[in-house]
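Colleague: I am new to this one. Please show me the structure, and then I will ask how each label was reached.

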Amino acid sequence: MDLTAGENTPHGCLCVNSVHARGPDAHTVRQDAIAVRKAGEAALRRRLEQAADLPSRYEPAALAALVHTISDGIAVQAAAGRSHDELRQVVDLALRALLD
């Protein structure tokens with residue numbers, strides 16, 4: 001959360017914002033941002049596949065997608081002005097839900 005909504009960082013995420021870029025010249029930037037996001041998700045999936053303590057009910061690819069979706073949502077909400085405390089509550093709830 002601190003990377004996209006930290007107290008001392010710009011709110012939002014360049015990759016998340018770039019994916020929504022429009023206009024005739026934005027296609028390449030958009031494709032590059034999508035590639036970066038996919039690479040990050042794939043790296044997390046590979047790491048989760050190696051986690052010996054990952055509960056068997058979690059499928060690494062789906063869990064990696066969930067983590068990235070939550071992270072992207074936090075970035076969007078931060079850019080829209082959601083407070084650090086509000087975002088922290090969302091993160092805490094998401095983590096509790098995952099651990100149940």
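Modeller: Start with Ala-62, whose place is in helix H4. Keep in mind that this is a predicted model.

Colleague: Why is Ala-62 called partly exposed?

Modeller: Its relative accessibility is 49%. Exposed would need over 50%, and buried would need under 20%. The value for Ala-62 lies in between, so the residue counts as partly exposed.

Colleague: How far is Ala-62 from Arg-45, in sequence and in space?

Modeller: The two are 17 residues apart in sequence, and their C-alpha atoms are 8.3 Å apart.

Colleague: Ala-75 is also in helix H4. What makes Ala-75 buried?

Modeller: The relative accessible area of Ala-75 is 1%. The cut-off for buried is under 20%, so Ala-75 counts as buried.

Colleague: Now His-84, in helix H5. Why is His-84 called buried?

Modeller: Its relative accessible area is 18%. That is under the 20% limit, so the label for His-84 is buried.

Colleague: Which residues does His-84 touch, leaving out those up to four places away in sequence?

Modeller: They are Met-1, Asp-2, Ala-5, Gly-6 and Glu-7. A touch here is a contact, with heavy atoms within 4.5 Å. Another pair to look at is His-84 and Ile-74, which are 10 residues apart in sequence and 10.0 Å apart from C-alpha to C-alpha.

Colleague: How do you know that the span of H5 is close to the expected one?

Modeller: H5 covers residues 84–99, which is 16 residues. From its first C-alpha to its last it reaches 22 Å, and the expected value at 1.5 Å a residue is 22 Å as well.

Colleague: What makes up the chain as a whole, in helices and strands?

Modeller: The protein chain has 5 helices and 0 strands. Read from the N terminus, the order is α-α-α-α-α. Of its 100 residues, 24% count as buried. The accessible surface is about 6900 Å², and carbon and sulfur atoms account for 57% of that.

Colleague: What is the volume of the largest pocket, and which residues are closest to its centre?

Modeller: The volume is about 530 Å³. Of the 20 lining residues, Leu-44, Val-67, Ile-70, Leu-95 and Leu-98 are the closest to the centre. The elements giving two or more residues to the lining are helix H1 (2–5), helix H3 (27–50), helix H4 (60–79) and H5.

Note on methods. Residues numbered from 1 in each chain as written. Predicted model: local features only at pLDDT ≥ 70, side-chain atom pairs only at ≥ 80, totals over all residues. Heavy atoms only, no water. Helix = DSSP H or I, 4+ residues; strand = E, 2+ residues; numbered from the N terminus. Expected span 1.5 Å × (residues − 1). Buried < 20%, exposed > 50% of the residue type's maximum accessible area, 1.4 Å probe, protein only. Areas by Shrake-Rupley, 256 points an atom, 1.4 Å probe, with all protein chains shown as cover. 1 Å grid on protein atoms, 1.4 Å probe; cavity = no way out; pocket = protein on both sides within 12 Å on 5 of 7 lines; lining within 4 Å. Points joined across faces, edges and corners; volume = space filled by probe spheres on them.
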